[in-house]
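This report concerns the pockets of one protein model and the residues that line them. The structure is shown first.

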Amino acid sequence: MDATELIWMDGAFVPWHEAKVHVLAHSLHYGDGAFEGIRTYKTARGGAVFRLTEHVERLLYSTRALGMQLPYSQEQVCDAICETLRRNKLEQGYVRPLAIHGYGVMGVNPRNSPVHLIIACWPWGAYLPVEAADIKVSNYIRIHPDSTVADAKICGHYVNSIMAILELRGTKYHEALFLDSNETIAEGPGENFFIVKGREVITPPLGTILAGITRATIIEIARERGFTVTERPIPLAEALAADEAFFTGTACEVTPIGSINDKPLGSGKAGPIALEIKGAYLDAVHGRSSAHERFLTYL
């Protein structure tokens, strides 16, 4: 990754290579951190952060799920993110706010462990740099919603994602796909999932998945463009018979899916509806759509 100059840590800016925590920080051992992935895009008016307010709202929701008391308001966190981008002169790239329990009393209970907030940013291109991803259903299921706060963006949840990705080492697949405990499709390791059938765009309902901010944006864009959008369980067999499929997420943006378990979807290439929705999304994030100006916070 390309290092930038400064990282915001607990209200102060420190050089990138000096941004450190203690090796006995609670979250390093137990995974009880919360984070966000946010993109900023270059527009005709300069850098613009996409859906900043919604991302920070979700960060605060995730910290509350972990019993963390951040000493910053939503407005203060938003301001800190923008200032971090300005000081690093980064118009287009990725932002990672991270809240953790630091060094305190060792043990599963995080009591007496201080809370730290870190904000870093760096240049970042395509997360899945392929025209259409070939994906495989994981042998692991998505974490059960009764075992955690499934819609919070908690660091420890991503061990589930790591295990799914590790299965793909040495294979031709670009990404994994989780089923849930009901054997219907949940999401990818870091992406929400959509299929297309005719003029209908279908995505799994909230409950077992992350409430993706890009997902919500794509639902809105698809409806604006005249597609019927349905949120309901998707059996794997239905996905395999779909005309198209695509992933959404801050990192992957909109990534068409060419095949699932070696079964081509449609032509096996990026489908026309996925490409149409992707184009509209890219117009929105780059400030080329007046209808979506409200999603942008200009630097």
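## Lining of the largest pocket

The lining of the largest pocket comprises 28 nonpolar, 14 polar and seven charged residues (Ala, Val, Leu, Ile, Met, Phe, Trp, Tyr, Cys and Pro count as nonpolar, Asp, Glu, Lys and Arg as charged, and the others, Gly among them, as polar). The model is predicted: local features need pLDDT of at least 70, side-chain atom pairs count only at pLDDT 80 or more, and totals for chains, interfaces and linings use all residues. Residues are numbered from 1 along each chain as its sequence is written, and side-chain values use heavy atoms, without hydrogens and water.

At least two lining residues each come from β1 (6-9), α1 (26-30), α2 (52-65), β6 (93-101), β7 (115-122), α4 (158-166), α5 (213-224) and β13 (244-249). Helices (H or I, at least four residues) and strands (E, at least two) are DSSP runs, numbered from the N terminus. The largest share, five residues, belongs to α4.

The volume of the largest pocket is about 870 Å³. Its lining has 49 residues, and Phe35, Tyr94, Arg96, Lys153 and Tyr158 are the closest to its centre. A pocket is an open set of points on a 1 Å grid over the protein atoms alone, where a 1.4 Å probe fits, with protein on both sides within 12 Å along at least five of seven lines; lining residues have an atom within 4 Å of a point. Grid points are joined across faces, edges and corners, and a volume is the space filled by probe spheres set on the points.

## Second largest pocket

The second largest pocket holds about 180 Å³ of space. Among its 17 lining residues, Arg39, Gly125, Ala126, Tyr127 and Glu253 lie nearest the centre. Two or more lining residues are given by each of β4 (38-43), β14 (253-260) and α7 (272-285), with the largest share, three residues, from β14. By class, this lining has 10 nonpolar, four polar and three charged residues.
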